[in-house]
Amino acid sequence: MGSKTILSVILIVSLCVAIFVTQGVAHMQTPPTTVPGLFPPGLPIDLVKCWSSLFNVEGCVLEIAKSIFSGKFENVEAACCKAFSTLDANCWPHMFPLNPFFPPLLKDSCARIVPNSPTHN
């Protein structure tokens, strides 16, 4: 019985030490300011500003997300198209890095939904 107790105490102490050392090391490390490769340092595009115009239109981000996954653009409403058409084209590669073809497709589709919006060049 005595050896099981000693073994249990050693195991508990070892686990506590591992937890506290891990927390201490994590505390000492500085978090990265950017995600390497995704958002390079000194990024001239303000992504918050890019996305904010879409978040200001109720349901717009959800409509865009649905159209990304379904490939159907007819569910995007006119107000959302209007907000999307006002985005700076420099925002697109940063907002949609995994699908660079999506923004021009949505922009062209929005040109049919909202006749006054310019098409993608």
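**Notebook: helix packing in a predicted model**

I opened with helix α2 and asked what its buried residues touch: they pack against α3 (60-70), α4 (78-85) and α5 (92-95). A reminder to myself that this is a predicted model.

I looked up which residues of α2, residues 47-55, are buried, and found Leu47, Cys50 and Leu54. Viewed down the axis of α2, these buried residues fall within an arc of 70 degrees, so they line one face of the helix. I then checked the other side of α2, where Val48, Lys49 and Phe55 are exposed.

**Entry: α4 and its neighbours**

Next I went to α4 and listed its buried residues, which are Cys80, Cys81, Ala83, Phe84 and Ser85. I noted that these pack against α2, α3, α5 and α6. So far, then, I have α4 as a partner of the buried residues of α2, and α2 as a partner of the buried residues of α4.

**Entry: how α4 meets α6**

I wanted the geometry of this pair. Helix α6 covers residues 102-113, and α4 packs with α6 at an angle of about 125 degrees, the axes being 9 Å apart. Angles of 65 to 115 degrees count as roughly perpendicular and those over 145 as roughly antiparallel, so α4 is oblique to α6. I also noted the handedness of the crossing, which is left-handed. Which residues make the contact? From α4 I wrote down Ala78, Cys81, Phe84 and Ser85, and from α6 Pro103, Leu106, Lys107, Cys110 and Ile113. Cys81, Phe84 and Ser85 were already on my list of buried residues in α4.

**Entry: a look at Glu58**

I moved to the loop between α2 and α3, where Glu58 lies. Is Glu58 buried or exposed? Its relative accessibility is 78%, and the cut-off for exposed is over 50%, so Glu58 counts as exposed. Cys80 is one of the buried residues of α4.

**Entry: the whole chain**

I finished with the totals. The protein has six helices and zero strands, and along the sequence that reads α-α-α-α-α-α. Of the 121 residues, 24% are buried. I found an accessible surface of about 8900 Å², with 67% belonging to carbon and sulfur atoms. Among contacts with a separation of 6 or more, residues 24 or more positions apart account for 51%.

Note on methods. Residues are numbered from 1 along each chain as its sequence is written. This is a predicted model: local features need pLDDT of at least 70, side-chain atom pairs count only at pLDDT 80 or more; totals for chains, interfaces and linings use all residues. Side-chain values use heavy atoms; hydrogens and water are left out. Helices (H or I, at least four residues) and strands (E, at least two) are DSSP runs, numbered from the N terminus. Buried means under 20% relative accessible area, exposed over 50%, partly exposed in between (1.4 Å probe, protein chains only). Contact means heavy atoms within 4.5 Å. Accessible areas come from the Shrake-Rupley method with a 1.4 Å probe; for residues, only the protein chains shown count as cover. The arc is that of the directions from the helix axis to the C-beta atoms. Axes are lines fitted to C-alpha atoms, for helices over the stretch in contact, and angles run from 0 to 180 degrees between N-to-C directions. Angles under 35 degrees count as roughly parallel, over 145 as roughly antiparallel, 65 to 115 as roughly perpendicular and the rest as oblique. A crossing is left-handed if the near helix is turned anticlockwise from the far one by less than a right angle, and right-handed if clockwise.
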